[in-house]
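Okay, thanks for coming, everyone.

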Amino acid sequence: MLSRRKFLAGGVLGLAALAGADTLAVEPRDLQPRRVNVLLKRLPEAFDGFRIAQISDIHFGPYMGQAGVERAVRLAQSFQPDLVALTGDFVSHPWKQGNGRSGAMFIEPCADVLAQLKDTRMIAVLGNHDHFNGANIVEAGLKERGIAVPRNASLPLERGKDRIWIAGVDDVWVRTADLGRTLRGIPTTEATILLAHEPDFADHAACFPVDLQLSGHSHGGQVRLPGIGALVLPEMAHKYPIGLNRVRALQVYTNVGLGVINPPVRFLCPPEVTFLTLSKDRNTQV
């Protein structure tokens, strides 16, 4: 007969083994839809109910392949979005290799799958890992498949006489972001949605007439503990690492990502595709 001590010890080891299996094999593939309603005061009436599917941090490479991206694409399609926002880090370097061209070339199979969303407008920004491996290669792979990549530029979306802007900054981590240049030409009275890979860029963006920032980069920490949150977060993702936050008049949503980096685990932080619905904020209170 097992003693109580041995029984408890075995139970602890068993739970640890189950938790380990979850973090390695189950949760990284447990793709979740996150539904978020965002109220924007400057949203034109014609865009009330505008739907955005956000996919971020795919990290196509040793831990993410075609099947994982296909799951995300199918989930995004189910939302019937008006726009798909792709907020960076499409690639990772190959197993036991450093960053470089071989990592950047992962954009080819990754973008092939994303191109299945061909009936929906897609706009992307690059992340730090795209730059580490080869930003121009990643950009070209996306553009060849009809995905817009505004690097410090903005694109208008029109519905009748109404218009909003999708602005995209190049990566903050590698110091190529230029928000002033990005917003040049946008009337200050018109609603602007900013795609910026690193969420803490919101502190800077809040000084400009930007209504909503969509970001990734944090992975939510990949491992989160109850009452503690993320154990480790990357630079530029310490302040707004997950979900919807407000920085003065600006709102910033941080997607926890699709893929992983080393260690390739997730715990209480499953991958997501975000379903954002924009609504006109008619609250007149100041």
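Let me start with a question: of the contacts in the protein with a separation of 6 or more, what percentage comes from residues 24 or more positions apart? It's 74%. And just so we're clear, this is a predicted model.

We've got 7 helices and 13 strands. The protein has 286 residues, and 51% of them are buried. Its accessible surface is about 13400 Å², with 55% of that belonging to carbon and sulfur atoms.

Now, the inside. The largest nonpolar core has 34 residues, and the ones touching the most other members are I58, F90, L114 and L142. Several elements each put at least two residues into this core, including the strands β2 (50-55), β3 (83-87) and β13 (272-280). Among the helices doing that are α2 (66-78), α4 (107-114) and α5 (128-143). If you click on I58, you'll find that its contacts beyond four places in sequence include M64, V69, F90, C110, L114 and L258. There's also another core lying apart from the largest one, with 22 residues, among them L40, A85, L157 and L276.

Is N128 buried or exposed? N128 counts as buried because its relative accessible area is 3%, and the cut-off for buried is under 20%. The N128 side chain makes a polar contact with the side chain of H197, at 3.2 Å. Leaving out residues up to four places away in sequence, N128 touches D89, D171, W173, H197, E198 and H217.

Over on helix α2, have a look at E70. The E70 side chain makes a polar contact with the Q66 side chain, at 2.9 Å. E70 also touches V113 and Q116, again not counting residues up to four places away in sequence. E70 and V113 are 43 residues apart in sequence, yet their C-alphas sit 6.3 Å apart.

Okay, salt bridges. The structure holds 13 of them. Take D48 and R282, where the closest N and O atoms are 3.5 Å apart. D48 is in the loop between β1 (32-40) and β2, while R282 is in the segment after β13, so this pair ties together parts that are 234 residues apart in sequence.

Next up is R159 with D82, closest N and O atoms 3.1 Å apart. This pair links distant parts of the chain too: R159 is in strand β5 (residues 153-159), D82 is in the loop between α2 and β3, and they're 77 residues apart. R159 is partly exposed, at 29% relative accessible area, and D82 is partly exposed at 29% as well.

Then there's R151 with E139, at 2.7 Å between the closest N and O atoms. Here R151 is in the loop between α5 and β5 and E139 is in helix α5, 12 residues apart. R151 counts as partly exposed at 22% relative accessibility, whereas E139 counts as buried at 14%.

Last stop, the surface. L225, I228, L231 and V232 make a nonpolar patch of about 380 Å². L225 is in strand β9 (residues 224-225), and at 31% relative accessibility L225 counts as partly exposed.

How values were computed. Residues are numbered from 1 along each chain as its sequence is written. This is a predicted model: local features need pLDDT of at least 70, side-chain atom pairs count only at pLDDT 80 or more; totals for chains, interfaces and linings use all residues. Side-chain values use heavy atoms; hydrogens and water are left out. A nonpolar core is a set of buried Ala, Val, Leu, Ile, Met, Phe, Trp, Tyr and Cys residues joined through side-chain atoms within 4.5 Å. Buried means under 20% relative accessible area, exposed over 50%, partly exposed in between (1.4 Å probe, protein chains only). Helices (H or I, at least four residues) and strands (E, at least two) are DSSP runs, numbered from the N terminus. Contact means heavy atoms within 4.5 Å. Patches are made of residues with over 30% relative accessible area and no salt bridge: like charges are joined within 9 Å, nonpolar side chains (Val, Leu, Ile, Met, Phe, Trp, Tyr) within 5 Å. Accessible areas come from the Shrake-Rupley method with a 1.4 Å probe; for residues, only the protein chains shown count as cover. A salt bridge is a side-chain nitrogen of Lys or Arg within 4 Å of a carboxyl oxygen of Asp or Glu. A polar contact is a pair of N or O atoms within 3.5 Å; within protein, one must be able to donate a hydrogen and the other to accept it, and residues adjacent in sequence count only if both atoms are side-chain atoms.
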